[in-house]
Amino acid sequence: MKITIREHKPGENIRPFIQAGHEVFRDDPHWIAPLHFELRERLHPKKNPFFRRAEVTLFTAWRGSQLVGRCSAQIDREHLRVWKDDTGFFGFFDTLNDDEAAIALIDAATNWLRRRGMKRMRGPFSLYVNEEVGVLIEGFDSPPVLMMSHSRRWQSRLCEVAGLEKEKDLIAWKYTAGEFPARVLRAWEQVKAMPEVRLRSVDTRRMEEEIKNVQEIYNDAWSGKWGVVPALPDEVAKVAKDLKLIIDEDLAFMAEIDGRAAGMCIMLPNLNEAIADLNGKLLPLGFAKLLWRLKVKHPVSTRLMMLGIRSEYRHVKKYGGLSAAMYVEVAKRGIAKGYKWGELSWTREDDGPINVGIKAMGATPYKKYRVYQKTIS
């Protein structure tokens, strides 16, 4: 039967869009269904500040009455302001192993972006660079961690069938508790001995101030990096609110120099461990299970989402070991709390110095994601 495409407006009836994920991953033992309420909020213009700077639409693909895939298309005006590259995005690209469905969805996203003047498409970004990014191409034998994407093995092939080409690969690293290399341990000891340096936990009682610190360091440390746009205050506040339930204050800290926040390290317990069997639903008993698993049992894994230092300190010789010291510090804190392993994600394949530093810590690459692009003629 012929493929038909249906368009759904964010904030309205997106139930088929959510259900498409369950259809695509129905027999995949490693897929973890996102919490439905969280996904509905993320795709609601009144509840997600991303929509203040973006335009988004959602597509589902049907073969007769069978739901066979989904895809979003979005224009990020902040990205256009910063990069001036006429690039739009697609995301949530999940399909059955169906060439026609994949082609129809990518064509729908392409046409939607073309009508709005875009000359290039990149993705998948669900919805933007600080959320799930890329199609999984290596590491199918384990579930994704918090806010990382998962794909069927055929999805990368379907991207190419639909006319997409590789733009960049992203690496997820796995770190298991063990002996610290002598060099990085020495850097940690030297930094800890500096009287002007303090590694202090994030203070959730002063969240407004801490959010400002995180925003400033992120915008400075990641400025100019591939795909990155400045974090806006309302978006940072929304992320902080969403993560309040799961944040472990011992795993999130600031590096202060002379009382000023000079760097940050944000590692979070892996929420996906706690929701793996909930099938996206918190009712009737899911919420109680979630609280117990997060606050009493707590996960055994974590995700190191951000570790960054203000640019003015990165080239000061005295503080050359600060990033290594922060890696050791967060690893020691995690081990002390009983966490067994952590994912450091993600880094770009061409992030030479960062990847070398992560390898020096003893981490190994265990998943790889591919971002695709397409010229819109």
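In this predicted model, helix α7 (residues 207-221) and helix α8 (residues 233-243) have axes that come within 10 Å and cross at roughly 120°. Because angles of 65 to 115 degrees count as roughly perpendicular and those over 145 as roughly antiparallel, α7 and α8 are oblique to each other. The crossing of these two helices, α7 and α8, is right-handed.

**The contact of α7 with α8**
- On the side of α7 the contact is made by Met207, Ile211 and Gln215, while α8 contributes Pro233, Val236, Ala237 and Ala240.
- Sorted by class, the residues in this contact are six nonpolar and one polar, with no charged residues.

**Thr302 and its surroundings**
- Thr302 belongs to strand β13, which covers residues 301-309, and its relative accessibility is 2%, so Thr302 counts as buried.
- Beyond the neighbours within four places in sequence, Thr302 is in contact with several residues, including Leu251, Met267, Tyr339 and Trp341.
- Thr302 and Phe287 are 15 residues apart along the chain, and their C-alpha atoms are separated by 20 Å.

**Cis peptide bonds**
- Gly123 and Pro124 are joined by a cis peptide bond with omega about 0°, and Pro124 lies in the loop between β5 and β6.
- Ser126 and Leu127 are also joined by a cis peptide bond, here with omega about 10°, and Leu127 lies in the loop between β6 and β7.

**Positive phi angles**
- Phe92, although not a glycine, has a positive phi of about 50°; Phe92 is found in strand β4 and is buried, with a relative accessible area of 8%.
- Asn279, which is not a glycine either, has a positive phi of about 55°; Asn279 lies in the loop between α9 and α10 and counts as partly exposed at 40% relative accessibility.

Conventions:
Residues numbered from 1 in each chain as written. Predicted model: local features only at pLDDT ≥ 70, side-chain atom pairs only at ≥ 80, totals over all residues. Heavy atoms only, no water. Helix = DSSP H or I, 4+ residues; strand = E, 2+ residues; numbered from the N terminus. Buried < 20%, exposed > 50% of the residue type's maximum accessible area, 1.4 Å probe, protein only. Contact = heavy atoms within 4.5 Å. Axes fitted to C-alpha atoms, helices over the stretch in contact; angles between N-to-C directions. Parallel < 35°, antiparallel > 145°, perpendicular 65-115°, else oblique. Left-handed = near helix turned anticlockwise from the far one by under 90°. Nonpolar A, V, L, I, M, F, W, Y, C, P; charged D, E, K, R; others polar.
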